[in-house]
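Let's take a friendly walk through a protein model, from its surface to its core and its pockets. Have the sequence and the 3D view ready as you read.

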Amino acid sequence: MSQKSIISFETLKCLFPYFFTIDNKYKVIDYGPSLKKVCPMIEEGAPIVDFFSFTGSHDSKLNLHYPGVEKTLFLLSGNESNLTLRGQVVCLPDDSFLFATSPWLQSPDDLVTLGLGVKDFAVHDPVLDLLNVIQSERMAKTEIRELVTKLSKQKNSSYRRHNAR
């Protein structure tokens, strides 16, 4: 005997703060709190294509009615911002669609640009960890450049002293 669990809206918001659901006519049913923060104009009942352009569907128009849609990676570009969301869609029993997304950030500076903080992400979301790696790499590159500059100056200084003799 299998037991099905039902995820509450509060749990959904906690696990996927950038989620949104749309009906079979692609109108917004609901959305997560962090999505509203980065896309303040989103509202229930409005067509999702008013807010995002989709990459990942099989044609230029948004089409979620094809086999394997749940295995497709979608990139959603904000129509009014530089925001890009990355995620996947799941077809729900009532013929609506749940998008589990997260911002696709290229640099820690994007957090500032979008006005985001740690609390805007689910605990399991690796985005912040990846940004930390990028920031560490940036810092290491800066330190290496500074060291190369310092060593070059020392080398040139030694060379001038040696030639001055």
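Asp95 is exposed, with a relative accessible area of 51%; the cut-offs are over 50% for exposed, under 20% for buried, and partly exposed in between, using a 1.4 Å probe and protein chains only. You can find Asp95 in the loop between β5 and β6. Helices (H or I, at least four residues) and strands (E, at least two) are DSSP runs, numbered from the N terminus. The phi of Asp95 is near 70 degrees, a positive value in a residue other than glycine.

This is a predicted model, in which local features need pLDDT of at least 70 and side-chain atom pairs count only at pLDDT 80 or more, while totals for chains, interfaces and linings use all residues. Residues are numbered from 1 along each chain as its sequence is written, and side-chain values use heavy atoms, with hydrogens and water left out.

Tyr26 also has a positive phi, near 65 degrees, in a residue other than glycine. Most residues other than glycine have a negative phi. Tyr26 sits in the loop between β1 and β2. Is Tyr26 buried or exposed? At 15% relative accessibility, Tyr26 counts as buried.

Tyr26 leads us to Leu64, which is in contact (heavy atoms within 4.5 Å) with Ile22, Tyr26, Val69, Phe74, Val89, Phe97 and Phe99, leaving aside neighbours within four places in sequence. Leu64 is, with Ile48 and Phe52, among the residues with the most contacts inside the largest nonpolar core, which has 31 residues. Such a core is a set of buried Ala, Val, Leu, Ile, Met, Phe, Trp, Tyr and Cys residues joined through side-chain atoms within 4.5 Å. Elements that each supply at least two residues of this core include β1 (20–22), α2 (33–38) and β3 (52–55). In soluble globular proteins, nonpolar side chains tend to be buried together.

Now for the pockets. A pocket is an open set of points on a 1 Å grid over the protein atoms alone, where a 1.4 Å probe fits, with protein on both sides within 12 Å along at least five of seven lines; lining residues have an atom within 4 Å of a point. Volume is the space filled by probe spheres set on the points, which are joined across faces, edges and corners. In the table, Ala, Val, Leu, Ile, Met, Phe, Trp, Tyr, Cys and Pro count as nonpolar, Asp, Glu, Lys and Arg as charged, and the others, Gly among them, as polar.

| Pocket | Volume | Lining residues by class |
|---|---|---|
| Largest pocket | about 390 Å³ | 13 nonpolar, 5 polar, 2 charged |
| Second largest pocket | about 300 Å³ | 7 nonpolar, 3 polar, 1 charged |

The largest pocket has about 390 Å³ of space. Of its 20 lining residues, the closest to the centre are Arg86, Ser102, Asp125, Pro126 and Val127. Two or more lining residues come from each of β5 (84–91), β6 (97–103) and α4.

Val127 belongs to helix α4 (residues 127–164) and is buried, with a relative accessible area of 13%. Not counting residues up to four places away in sequence, Val127 touches Ser102, Pro103, Leu105 and Phe121.

The second largest pocket has Ile6, Phe9, Thr21 and Asp30 among its lining residues. Both α1 (9–15) and β2 (28–31) supply at least two residues of that lining.

Finally, how many disulfides are there? With a disulfide taken as a pair of cysteine sulfur atoms within 2.5 Å, the count comes to 0. Cys39 counts as buried at 2% relative accessibility, whereas Cys91 is partly exposed, with a relative accessible area of 33%.
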